[in-house]
Amino acid sequence: MKSVQGNKAGLKPFELMLDQKKISQRVMQLGERISSDYTGESLVLVGVLKGCIVFMADLMRHIKLPVEIEFISAASYRHGIRREDDVVIGGGVAIPLKRRHVLVVEGIVDTGRTASVIVEKIRKMEPASVEVVTLLDKPASHRAKIDIKYKGFTIGNEFVIGFGLDNAQLYRNLPFIGKMIEG
Ligand code: IMP
Ligand code: MG
């Protein structure tokens, strides 16, 4: 079956969820919207590693504005009986963000904790504005209050891979979004 892949490469099976054409059309629309919303301004894109990389590389080429790019790394750890999440942010932001328009670029927003911690951190740097763009959003999983101005696709609680997103560090190189098959 063409839509079920993975076995030959020793990967767990997955099925196609969003194909390359659908993603590229949507990324182009997002780039056009961002270009028009920030007309006359310059923008600093702050990508959240590692999941942002494919989306950010595509999105930035559709933004017709002077753009600078920066990256921040984020890891979330679950610990303790209450399963509280700690989001640990790594990597400094070398570009001064004071009075700049900042757009945080995420591959996926799940609980929203990563994005909300990063937005708070950036707000302390007194930017002119800070907004979030994500390729995928799982609104039913949000646990933190987070406003996402630009989103590519809204999905359910399923675990997805590809287009930069991983399962145990694999699958990031798939040029489409797939969904892991349980079992
Ligand atoms: P948060 O829960 O919004 O803080 O997201 C934490 C991180 O979990 C994301 O940046 C992704 O790296 C990862 N993540 C959440 N859901 C998925 C998924 O469906 N596929 C791959 N990674 C995911
Ligand atoms: Mg991951």
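Asp-137 sits in strand β7, which covers residues 129–137; strands here are DSSP runs of E with at least two residues, helices are runs of H or I with at least four, and both are numbered from the N terminus. This is a predicted model, in which local features need pLDDT of at least 70, side-chain atom pairs count only at pLDDT 80 or more, and totals for chains, interfaces and linings use all residues. Residues are numbered from 1 along each chain as its sequence is written, chains are lettered from A and ligands numbered from 1 in the order in which they are written, and side-chain values use heavy atoms, with hydrogens and water left out.

With a relative accessible area of 0%, Asp-137 is buried (under 20%; exposed is over 50% and partly exposed in between, with a 1.4 Å probe and protein chains only). Leaving aside residues up to four places away in sequence, Asp-137 touches Val-109, His-142, Ile-148, Lys-151, Phe-153, Thr-154 and Ile-155, a contact being heavy atoms within 4.5 Å.

Helix α3, residues 113–123, has its own buried set: Ala-115, Ser-116, Ile-118, Val-119 and Ile-122. Looking down the axis of α3, these fall within an arc of 165°, so they line one face of the helix; the arc is taken from the directions from the helix axis to the C-beta atoms.

As for the whole protein chain, there are three helices and 10 strands, running β-β-α-β-α-β-β-β-α-β-β-β-β from the N terminus on. Of its 183 residues, 42% count as buried. Among contacts with a separation of 6 or more, 64% come from residues 24 or more positions apart.
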